[in-house]
Amino acid sequence: MKLRKLFTADSVELNLQSETKDEVLKELIQLLGLDDKSEAILFKTLKRRENLGSTGIGKGIAIPHCRSLVVNELRLAYGRKPEGIDFQAIDEEPVHNLFLIVAPPLEVSNQYLPVLGKIAQFAKDPDIPAKLQEIDEAAEFLDLLEERAP
Amino acid sequence: MTAPDSTSDAMHPQLMLLMELQDLRSQHRELEKDDGAAPVEKEHFHMDPAEARAQLAEKVSELEERLDPQVRARYELIKPQRDRVVVPVINGVCYGCFVSIATATVGDQDVHQELQSCENCGSFIYVVS
């Protein structure tokens with residue numbers, strides 16, 4: 001599965017406004033276009049996952065993820081906070097790039113874990129964080145995925 | 001049983017609680033499998049799966065205590081039989097038993113203000129829009 005096919009321009013936000021970890025999770029959730037109730041449940045589930053250990057994997061990258069009943073297919077979003085945000089990342093550095101991954105409890109295609117691993121590998125590629133900072137439009141993010149995560 | 005909020009788009013608090021429980025149980029179950037989330041969480045997120053499972057189990061117990069007695073009784077009845085106590089209904093089909101649910105049950109705009117079950121498999125249902 002190509003990562004490019006799992007994102008749309010609507011699910012990309014290059015100038016996140018939030019200033020706290022909770023706010024940024026909510027802002028990312030909003031990119032999925034769910035109803036209010038579903039957003040509230042998803043936020044709680046993501047928070048519970050964060051309580052088990054931050055999904056800030058270092059080098060300015062965070063990958064909040066979970067399975068939740070509120071989606072009926074694998075959903076992804078990308079958000080960028082150019083100034084960085086405190087996400088309690090493992091290297092204690094601010095996070096600039098956030099990839100949200102939400103999967104339903106049961107997936108026929110079973111893509112969730114492979115996609116989670118693929119996003120982690122893509123994001124940890126040494127030159128990717130710098131390339132993500134240079135992007136001006138959502139389409140460029142999608143092109144980068146096409147090029148670097150085939 | 002606790003009354004739902006009065007707003008039209010409110011969700012029954014016990015349904016919300018059951019959904020939280022379901023999501024936590026999903027996470028716990030996935031961390032149990034050797035080919036599940038545990039290796040990915042360990043490799044990329046430095047999680048200790050055993051410790052995470054213990055934390056999740058504790059949280060599940062805590063939330064179970066908050067279920068109303070009637071709901072808890074039904075929950076305990078379904079739990080040993082099915083992995084998922086709450087199942088999504090997508091396009092009118094219960095994803096617990098894959099049987100169609102009556103339109104009158106799932107078509108209502110306020111469907112989540114009441115705690116509803118699939119008449120066929122008994123699972124609590126959540127209609128995914």
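In this predicted model, A:Ser11 sits in the segment that precedes strand 1 (12-13) of chain A, where helices (H or I, at least four residues) and strands (E, at least two) are DSSP runs numbered from the N terminus. A:Ser11 has a relative accessibility of 5% and counts as buried; buried is under 20% relative accessible area, exposed is over 50%, and partly exposed is in between (1.4 Å probe, protein chains only). A polar atom of the A:Ser11 side chain lies 2.8 Å from the backbone oxygen of A:Thr8. Neighbours within four places in sequence aside, A:Ser11 is in contact with A:Leu31, A:Leu76, A:Ala77 and A:Tyr78, contact meaning heavy atoms within 4.5 Å.

Residues are numbered from 1 along each chain as its sequence is written, and chains are lettered from A and ligands numbered from 1 in the order in which they are written. Local features need pLDDT of at least 70 and side-chain atom pairs count only at pLDDT 80 or more, while totals for chains, interfaces and linings use all residues; side-chain values use heavy atoms, with hydrogens and water left out.

Chain A contains 5 helices and 6 strands, arranged along the sequence in the pattern β-α-α-β-β-β-β-β-α-α-α. Along the principal axes, the C-alpha atoms of chain A fill a box of roughly 35 × 30 × 25 Å. Of the 150 residues in chain A, 59% are buried. Among contacts in chain A with a separation of 6 or more, 70% are between residues 24 or more positions apart.

A:Glu92 is located in the loop between strand 5 (75-85) and strand 6 (95-103) of chain A. Although A:Glu92 is not a glycine, its phi is positive, at about 60°. Most residues other than glycine have a negative phi. A:Glu92 is exposed, with a relative accessible area of 74%. In chain B, a positive phi of about 60° is also found at B:Phe98, which is not a glycine. B:Phe98 belongs to the loop between strand 2 (93-94) and helix 5 (103-106) of chain B.

The contact between the chains involves 32 residues from chain A and 36 residues from chain B. Together the two chains bury about 2,900 Å², of which 62% is on carbon and sulfur atoms; buried area is the accessible area (1.4 Å probe) that two parts lose on being put together, summed over both. A:Arg48, A:Leu52 and A:Leu69 supply 27% of the area that chain A buries against chain B, more than any other three residues.

Across this interface there are 10 residue pairs in polar contact, both residues at pLDDT 80 or more. A polar contact is a pair of N or O atoms within 3.5 Å; within protein, one must be able to donate a hydrogen and the other to accept it, and residues adjacent in sequence count only if both atoms are side-chain atoms. On the side of chain A that touches chain B, helix 2 (36-51), strand 4 (65-67) and helix 3 (112-124) of chain A each supply at least two residues. Helix 2 of chain A gives the largest share, 10 residues. By type, the residues on this side of chain A are 14 nonpolar, 10 polar and 8 charged; Ala, Val, Leu, Ile, Met, Phe, Trp, Tyr, Cys and Pro count as nonpolar, Asp, Glu, Lys and Arg as charged, and the others, Gly among them, as polar.

Over all chains the count is 16 salt bridges, each a side-chain nitrogen of Lys or Arg within 4 Å of a carboxyl oxygen of Asp or Glu. The interface of chain A and chain B holds 4 salt bridges. One of them joins B:Glu41 to A:Arg49, with the closest N and O atoms 2.6 Å apart. A:Arg67 and B:Glu30 also meet in a salt bridge, at 2.9 Å from N to O. This pair runs from strand 4 of chain A to helix 1 (residues 13-32) of chain B, and both A:Arg67 and B:Glu30 are buried.

Within chain B, salt bridges link B:Glu64, B:Glu65, B:Arg72, B:Glu76 and B:Lys79 in a network. The side chains of B:Lys79 and B:Glu64 pair at 3.1 Å, N to O. B:Lys79 lies in the loop between helix 4 (69-78) and strand 1 (86-90) of chain B and B:Glu64 in helix 3 (residues 49-65) of chain B, so the pair ties together parts 15 residues apart in sequence. B:Lys79 is partly exposed, at 24% relative accessible area, whereas B:Glu64 is buried, at 8%. In the salt bridge of B:Glu65 with B:Arg72, the closest N and O atoms are 3.8 Å apart. B:Glu65 is exposed, with a relative accessible area of 61%, and B:Arg72 is partly exposed, at 24%.
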